[in-house]
Amino acid sequence: MQKRVFIVDDEPKIGTLFTNVLGRDGYQVEAFVNPVRMLGEIDDEQPPDVILADMMMPEMTGVELLDALNERNITAPVIIMTAHSSVQTAVEAMRQGAFHYLQKPVNLEEMRALLEKAIDLYGAQQELDEIKEKQQAEYPISGILGESDPIVQVRETIQTLTGASNTTVLFSGETGTGKNLAAQTLHYNSARSREAFTEINCAALPDNLLEAELFGYEKGAFTDASNAKPGMFEIADGGTLFLDEIDSMSLALQAKLLSFLESRTFRRLGGVEDRTVNTRVLCATNADLESSVKDKTFRKDLFFRINVVNVKMPALRHMDRDVLIIADSLIERFNNELKRNVQGFTEDAEAKMLDHMWPGNVRELRNVLERAMIFAQDTRITAEDLTLAPPSQIGDVHGTAGAFQFPLGRTIEDLEKAYILRTLQTRDESYASIADSLGISKKTLWDKRKRYNLDEQVER
C-alpha cells in the first residue's frame, strides 16, 4: 500500500520538486502552499503517513501547525524544513513533538532516509497503540462481574483509583478471587494504560533471584552476570509493576522495596549509580498481613506503605448468586474455545453450584465448568455434569454463606473441627477477630488449627 506524504511550503517550486522526486520513489504525494488548506484536507480517521512542513509560512509557523495537529489528535510524524537561521526554532519544534528537521536547501537523500525512518517508526507506534487499545478493551471495569455488595464495592473503588495513578494499592483475598484481574483492570483504566503492565510472583523465585529480577544487575555483579540487565522496576517505568504474593518476600528484600517506594530510586545489583523511575506498584496477598506483622515476618512500615488503599476481593461463597453470573460468562468463553453451544444450567445444577463452598473461588469454578462443558451431552449443564470437590475432608458439611449444617452421628470433636473449619473458610478477617467470634482466645484457635491440620485445608 502506498504511503501518503503531505508537503506544505509557501514556495510552490518546493512542492513541485518534492512531489516529482517522491512520486518516483512510490509515495502518494500531495503538496500545499497554504497550511490552513492542508489542515482542511486531512482526514482525522486516515491522516497522511508523514508531513513535511516549512518552518516559516505567512499564515502559520511550523510550531503552530504542530499545535493544530495535536488539538485534533493527529499523530502523523512531522518533519520541519528550516533555513540555517531558524535551526534553533526547529529544535524547539522537536521538543513540541516534531519528528525531526531538515535544513534548507534540502538534501534529497537525507530527506528520503528521514521519511523512511519516520514512516517505519510511525507504523510500529500505530501497531503498538492498536495492541494497547485491544488490551484496554479486554479489561473494562464492568468486566469484574457480579451484583453483590462486595463486588460492587470493588468496582467503585477501582473506578476511584483510576484517577490516582501514583497510589500504591494492596489487593487482598483468597486464592482464586481475581486479584490479578483487578490489578490489570486498574492499570488499563488509568493514565498509565499506554505503558507496560508487568507482574511477578514473589513466591515463585528464591530471594536472591527475586532481588535480581526486581532491581536488575550490572555486568559482573555475580558469577553468571555476563551482561547488565534491567530489572522489573526499570522495565515498568511509566507503567505498573504488580507484585503478587508480596508476603513471600524476605525481610531484607522488604527493606529494599520500602526504600524504593519512599524515594522511587534504587541501584542495580553490583551498581553504584542511583536510578530513578516512575513506576506504580500494586501488591497482592492471600495472607493475613496484620498477623504477619505481629509475628514479625512482615515489616510494619512496609505494610503501612503498601496498604494505602486495600481492595478486598470477596470469596465466591460470599457473593450470593454472582456465581451464576460469572458461570454464564465462562460458558460463553468456553463455547468459543471448545466450539460448543451450551446454553446454561438446569435448575438442579444451579442449586448445586449455589450450595457449594467454592474453596478455590473463581479459579475452581472455571476448572469445574471447563470439564463440565467437555463432557456435557446436552445443551444445558446438569448437576451430574458438575464434578465438585468435597467441602472438607470430614464430608457432609455444606450450606449457604450464612448457614452451617452438620450430620448427626458424629462426635463433638468432629463438630468442633467442622465448625472452626467452616468459620475460617467463610470469614475474611484476622485470626484475632475469628477467635473472638468463636468465643476463644487467639492462642486456643492456633492450637486447634494445628491439632486439626486446618491450615492445610484453608488458603488465607
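D320 lies in the loop between β12 (309–312) and α13 (322–338). Helices (H or I, at least four residues) and strands (E, at least two) are DSSP runs, numbered from the N terminus. The model is predicted: local features need pLDDT of at least 70, side-chain atom pairs pLDDT 80 or more, while totals for chains, interfaces and linings use all residues. Residues count from 1 along each chain as its sequence is written, and side-chain values use heavy atoms, without hydrogens or water.

Phi of D320 is near 55°, a positive value in a residue other than glycine. Most residues other than glycine have a negative phi, and most peptide bonds are trans. D320 is exposed, at 57% relative accessible area. N361, in helix α15 (residues 361–375), also has a positive phi, near 60°. N361 is buried, at 0% relative accessibility. Buried means under 20% relative accessible area, exposed over 50%, and partly exposed in between (1.4 Å probe, protein chains only).

The peptide bond from K104 to P105 is cis, with omega near -5°. P105 sits in the loop between β5 (100–103) and α5 (108–138).

Now the rings. The structure holds 10 aromatic pairs. Y188 and F197 form a tilted one, 6.3 Å centre to centre with 40° between the planes. Rings of Phe, Tyr and Trp (its six-membered ring) pair if their centres lie within 6.5 Å; planes under 30 degrees apart are stacked, over 60 edge-to-face, the rest tilted. Ring pairs link Y139, Y188, F197 and F242 into a cluster.
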